[in-house]
Amino acid sequence: MRITGISTHVVGTPWRNLTYVQVHTDEGLTGVGETRMLGHTDALTGYLREAEANHIAGSDPFAVEDLVRRMKYGDYGRAGEIVMSGIACVEMACLDIKGKALGVPVWQLLGGRVTDRVKAYANGWYTVERTPEAFHQAARTVVERGYRALKLDPFGTGHYELDRAATVHSLSLVEAVRDAIGPDTELLLEMHGRFSPATAIRLAGELERYQPSWLEEPVPPENLKALAKVAERVTLPIATGERIHDRIEFRELFESQAADILQPDVGHLGGIGETRKLAATAETHYMLIAPHNVGGSVLTAASLQVAGCTPNFKILEHFNDFADAEIKKVVRGAPQVVDGYFTLPEGPGLGVELDTDAAAEFPQQQARFDLWAEGWEKRAPKSGSR
């Protein structure tokens, strides 16, 4: 079997473009992969056109490791977000093909299942006015839908510092959410790399009473020594990793023990195999894995393949019940959350199929997501289709 070519399909919303890549073969099997790019979708599709000619076309889709290695190193450059995301889409699609050809789900190819279901946490649900009352009602809706975990960033446009008035308001939002969901639902707090170490440490102390399960990206991701400074001073678990795009670059996190939960994005880290390798290293350092997942249903299905065979897998993020829920129709067999959990996919490959006709109903947009702009949490920037 050989790869004859690839096709790309961009599904657009005002705040995110989802890129789906189909890999086609001479035996009629087609696989699919997905990633979500912020502001670099055209760069990604441009890279994929070049990679198709240089590396992908003519390759054996079963020789996944070889194809990943050639795409990562064969252009004699240091692979960053765009290249690793392109690799991820192609790698997922090849594993999808392999699973279909052998009649087994991808998790079966990676060692077999260690769980039947995967806990989900809701994100994208707080697209409301930034008041305690509105956040309380929105959080109640999440719980009523069956979720047993949710995440929010309550800090507005906070950057490095957060003055007392803004702190009090942010804490009031967290308090309202905790009151709405009760003591047994997991509360996950996102900081989006906003703060200086001193501010993050101060806020962590004030947030402890709400018993969050983690504090995510308390400081900007470029300086992991700053993260270690925070980790040494707080009692809450620290989560990070969504903006690290090569598993080798996690080495400093392992050496410093500055994080308790790693959050690789399967669609940015090079795919399912790279994420599984990272998870194995994390296990030797007693760290949990909770992938960043702001994509659609193919990326969710790919993340669930990792979850199925990973002993130290904690929980999986899910946006698509609350933000742009209509895009789920572009994927047949889209994973669903029932009573707070995903069921492990049982179908061959990824267990999902892209509906290209449905995808065409959502053309690429000039999607924007600016965490420093007022009202960013509403995820409704002004934009237009391409």
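Cys 94 counts as buried because its relative accessibility is 1%; buried means under 20% relative accessible area, exposed over 50%, and partly exposed in between, with a 1.4 Å probe and protein chains only. This is a predicted model, in which local features need pLDDT of at least 70 and side-chain atom pairs count only at pLDDT 80 or more, while totals for chains, interfaces and linings use all residues. Residues are numbered from 1 along each chain as its sequence is written, and side-chain values use heavy atoms, with hydrogens and water left out.

**Cysteines**
- A search of the whole structure turns up zero disulfides (pairs of cysteine sulfur atoms within 2.5 Å).
- Cys 89 is in no disulfide, and the nearest cysteine sulfur, in Cys 94, is 11 Å away.
- That distance is too far for a bond, as seen from the sulfur of Cys 94.
- Cys 89 also counts as buried, because its relative accessibility is 0%.

**Nonpolar cores**
- The largest nonpolar core has 112 residues (a core is a set of buried Ala, Val, Leu, Ile, Met, Phe, Trp, Tyr and Cys residues joined through side-chain atoms within 4.5 Å).
- Trp 125, Leu 150, Leu 207 and Leu 262 touch the most other members.
- Helix H3 (residues 81-102) gives the most to this core, with ten residues (helices, H or I, have at least four residues and strands, E, at least two; both are DSSP runs numbered from the N terminus).
- Another core, of eight residues, lies apart from it; Ala 149, Trp 214, Ala 239 and Ile 315 are among them.
- Leaving out residues up to four places away in sequence, Leu 262 touches residues including Phe 250, Phe 254, Met 287 and Ile 289 (contact means heavy atoms within 4.5 Å).

- Most residues other than glycine have a negative phi.
- Gln 211 is not a glycine, yet has a positive phi of about 50°.
- Gln 211 sits in the loop between helix H7 (197-207) and strand E7 (214-216), and counts as exposed because its relative accessibility is 57%.
- Asp 324, also not a glycine, has a positive phi of about 55°.
- Asp 324 lies in the loop between strand E11 (316-318) and strand E12 (331-332), and counts as buried at 14% relative accessibility.
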